Amino acid sequence: MQKIEAVNDFVIKFANINGSGSASANELLARAILRMGVPVSPRNIFPSNIQGLPTWFEVRVTEHGYLGRRGGVDLMVAMNPQSWDQDVREIDPGGYLFYDSSKPLPRSKFRDDIHLLAMPLTEICNETYSDARERQLFRNIIYVGALAWLLDVDPAEIEKLFGEQFRGKEKLLDSNIQALALGREYAREHLKPIALKVERRDRVGERIFVDGNSAAALGCIYGGAMVCAWYPITPSSSVAEAFERYAQKLRIDPATGARRYTIVQAEDELASIGMVIGAGWNGARAFTATSGPGISLMSEFIGLAYFAEIPAVLINVQRGGPSTGMPTRTQQADLIACAYASHGDTRHVLLFPEDPYECFEMSAQALDLAERLQTPVFVMTDLDIGMNQRLCRPFAWDDSREYDRGKVMTREALDSGADFGRYLDVDGDGIPYRTYPGTHPTKGGYFTRGTTKNAYAVYSEAGADYVYNVQRLKKKFETAKSLVPLPVLTAARYPARFAAIFYGSTSPAMHEALDALADQGIYINALRVCAFPFQDEIAEFVAAHSKVFVLEQNCDGQLATMLVNEAGVNPASLISIRHYDGTPITARFITQEIAERVSRLNVRPLREDMVA
Amino acid sequence: MTYIAKPRLHHPTLAKNRVGYTRRDYEGKISTLCAGCGHDSISAAIIQACWELDVEPHRVAKLSGIGCSSKTPDYFLGNSHGFNTVHGRMPSVLTGAYLANRELIYLGVSGDGDSASIGLGQFAHVMRRGVNMTYLVENNGVYGLTKGQFSATADKGSKSKKGQVNADAPIDLVSLALVMGATFVARGFSGDKAQLVPLLRAAIAHQGAAVIDILSPCIAFNNHAGSTKSYDYVRAHNEAVNRLDFLTPRDEITAEYGEGQLIEVRQHDGSIVRLRKLHADYDPTDRIRAMAYVQEHARLGELVTGLLYVDPEACDLHAQMNTVEAPLNRLGAAELCPGSAALEKINAALR
């Protein structure tokens, strides 16, 4: 029988029951491999449930540093009878099945083309532990011990991780080390070695291992957020929770112990965005974190902030929609909902981070942009980036960097006779000046409203005043183009007639696919869009290629639609490729989709190219 | 309403308060509400209360929702910043503003549609949090801007101008505020300025969530026979539990009171709320009794007004959260950004 052989390049998938403490054990194995200098990319595939439903944890071991989801499974750790059949089916031929053999299973429950690794885990646990919770938790550690032996993962690395985790809790440390050894010894005595191996390398370097939600929260800390208002919603809740955790350490006045931040868990998303807008109006940097359903609820307020020109930052950790949709699965399906959120003619600034590093960067930048542009700014992350730990560049901060507080008219400026019109375009960039409430006893006060007003914030139903305002808002959106991050080009090794546009969490899978395609002789220029509004470079990029594949993780090709509508690109030159089953897009999918289309285009190049 | 603009020039003999402002300095734009609207009387009472309290007008932030009542912040304190937000959501915007700067005085102006219907959730939750604000409900039982539909505070059996009879039970915002944890709860009547102005002064000085439900008849759509929110009806059924003198710490106590008629409540900031009892058995520091009292009298068809409840130990949200003394919106990168050295440590822990 064929045997999958691989060094530092394979996928382990753990099938567990949620609420059993498995995720932290599985993560432990992933971290140990990372400590051996070999990049890993773990993904937690979990249900919208607390206890009892199937949950999976994938660990991709990838010496090349391909951090996207690969697809396929080389080693299945099947710990959940509920999902057994599906889990066994998923293993690639020649792969391995590690399972609990305490209870005999009929032959029909297995496959002939996979290798079995049987370990009577329940039996071992029942013999060793009397407490039910211990049996469950140490069961996970025992299988980690066995897997570490099978894969040649250095047990010293795992013990070191235990040492960090249980510092000062010696009893816990010892019992975990014992459980690990128990698994290792069993494997050595009873299991046949396998051909998936981890070998020490130096491929991790300075990179850090962190989830995007924590990174976004830290970006808000560094970006100077003073107010956070939020409402719990998967997959964004951990942004606010991480903000609070970091703030408790990093935002305390050393002299008094008082807090230099506030955080409010609001009664719903309407209230959370209301608080952010109130704080922004009053001169504080404020943000909320939410997901699709929250954006829907916030829409009326988003329109108010747009029209009354109030800074606000929204971190949208996207999940599968519409409606409650797939709350624990990933998608990039809120682009249109966010770009045009609210009734009337609205347009909002969107940023698309590709990994936790950019979640940090762009969240901090969003706080600057929101105040500079006096408008809502969306950080469009997703569950795949937000809730999984990802290897990325270390966070960096330039201590000479100052916050851009935008155009704020001070008491001194008002006293020196400056003409203050809250909605007056003084500088020709569409951005007016504002005053903070309480600035001056007699000057600079105004009444903010979502209703039409003239340039001096006086209520007006005159069409000319309305048109002036709307035109100025359009000009302001033009100005935004020069402030948001530029697209990032990855040029092919040879001149290419085909191109690809992608964004956000598609990035690692895309880069892997570009390599795979190049290996097949298919060369693609790739452009990662980092923000909306779209800069002219994007339209020029499209115009320079006969066909451009647009890769997205939604069903309707939302970015492609926006490129046509907002960047004025020729729709005939775009080929939309969409992945939207809730799992993260894979390099295998991208490679196959592009290769297939390229071969078709190359067979009949004339007609297709005529259109382009 | 009037089209005659008031002259900006003030008479030199106009009295000034301790911070050097005349009463006229607390006025705003000319009201565009109907002549005789109760809301205009409330605006006048706010002007009077702020002037008497020696509040600098620009240190007040006015926030409102949507509706006739929510338009009124344009008609008082013209040099203050105001924010006419979205329907029913003023409380959250006010909360955010208050989080940003704890030094300003926050006035939330709302109506019965804005607070009891679309905004009931935010009304309830803002009371729970102890936001330091004065929340005014200009309550007329009717939707004015959309021309006469019942609101959720309309009494059961009350008749609309078109003759419909309201079949739904009313929401009593005073009772709700008491349940939800507001620490200053009062009811007033736009037609009784002598009662309303001291209530406003005490509410503004109160360090916590203060709410005043102000009956404010709608002259256009709810002032007819059969309405329970008309001037005549409210006058006939008004049952004031107390008369209130609000004293700042520097005020001298001059009035004479008979024995047993007086309650003094000293608040956190040293201000004293002095109440002359009209009902011998009414204790405004007893929340449970206040709830029962309001309900008992409602059953008799009486509108209980006055200061219904005050918690002298009220503590505001910033105190609960232990926020720094300086307004957050004044902090700079030096206070907010932990810097690259701290980030290096964070990076190291993530390897």
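**Figure 1. Chain B as a whole.** Among contacts in chain B between residues at least 6 apart in sequence, 72% join residues at least 24 apart. Two residues are in contact if their C-beta atoms, placed from the backbone, lie within 7 Å. This is a predicted model: local features need pLDDT of at least 70, side-chain atom pairs count only at pLDDT 80 or more, and totals for chains, interfaces and linings use all residues. Residues are numbered from 1 along each chain as its sequence is written, while chains are lettered from A and ligands numbered from 1 in the order in which they are written. Chain B holds twelve helices and 13 strands. Helices (H or I, at least four residues) and strands (E, at least two) are DSSP runs, numbered from the N terminus. Along the principal axes, the C-alpha atoms of chain B fill a box of roughly 75 × 50 × 50 Å. Of its 351 residues, 53% are buried. A residue is buried if 20 or more other C-beta atoms lie within 10 Å of its own, exposed if 12 or fewer, and partly exposed in between, with C-beta atoms placed from the backbone.

Figure 2. B:Ala210 is buried, because 28 other C-beta atoms lie within 10 Å. Leaving aside neighbours within four places in sequence, B:Ala210 touches B:Met133, B:Thr134, B:Tyr135, B:Phe184 and B:Ala203. B:Thr22 is 188 residues away in sequence, and 26 Å away in space, C-alpha to C-alpha.

**Figure 3. Where chain B meets chain A.** The contact takes 47 residues from chain B and 53 residues from chain A. On the chain B side, the elements giving two or more residues are strand E2 (81–84), helix H3 (90–100), helix H5 (120–129), helix H11 (333–336) and helix H12 (339–349). H3(B) gives the most, with eight residues. By class, this side of chain B has 21 nonpolar, 20 polar and six charged residues. Ala, Val, Leu, Ile, Met, Phe, Trp, Tyr, Cys and Pro count as nonpolar, Asp, Glu, Lys and Arg as charged, and the others, Gly among them, as polar.

**Figure 4. Chain A as a whole.** Chain A has 20 helices and 23 strands. Its radius of gyration is 27 Å, close to the 25 Å that the globule rule gives for 612 residues, so chain A is as compact as a globular protein of that length. The radius is taken over C-alpha atoms, and the rule is 2.2 Å times the number of residues to the power 0.38. The C-alpha trace of chain A spans about 85 × 75 × 40 Å along its principal axes. Buried residues make up 54% of the chain.

**Figure 5. Helices H5 and H6 of chain A, packed together.** H5(A) covers residues 155–165, and H6(A) covers residues 170–190. They pack at about 160°, with axes 10 Å apart. Axes are lines fitted to C-alpha atoms, for helices over the stretch in contact, and angles run from 0 to 180 degrees between N-to-C directions. The angle makes H5(A) roughly antiparallel to H6(A); over 145 degrees counts as roughly antiparallel, under 35 as roughly parallel, 65 to 115 as roughly perpendicular and the rest as oblique. A:Pro155, A:Ile158, A:Glu159, A:Phe162 and A:Gly163 in H5(A) meet A:Leu173, A:Asn176, A:Ile177, A:Leu180 and A:Arg184 in H6(A). This contact has six nonpolar, two polar and two charged residues.
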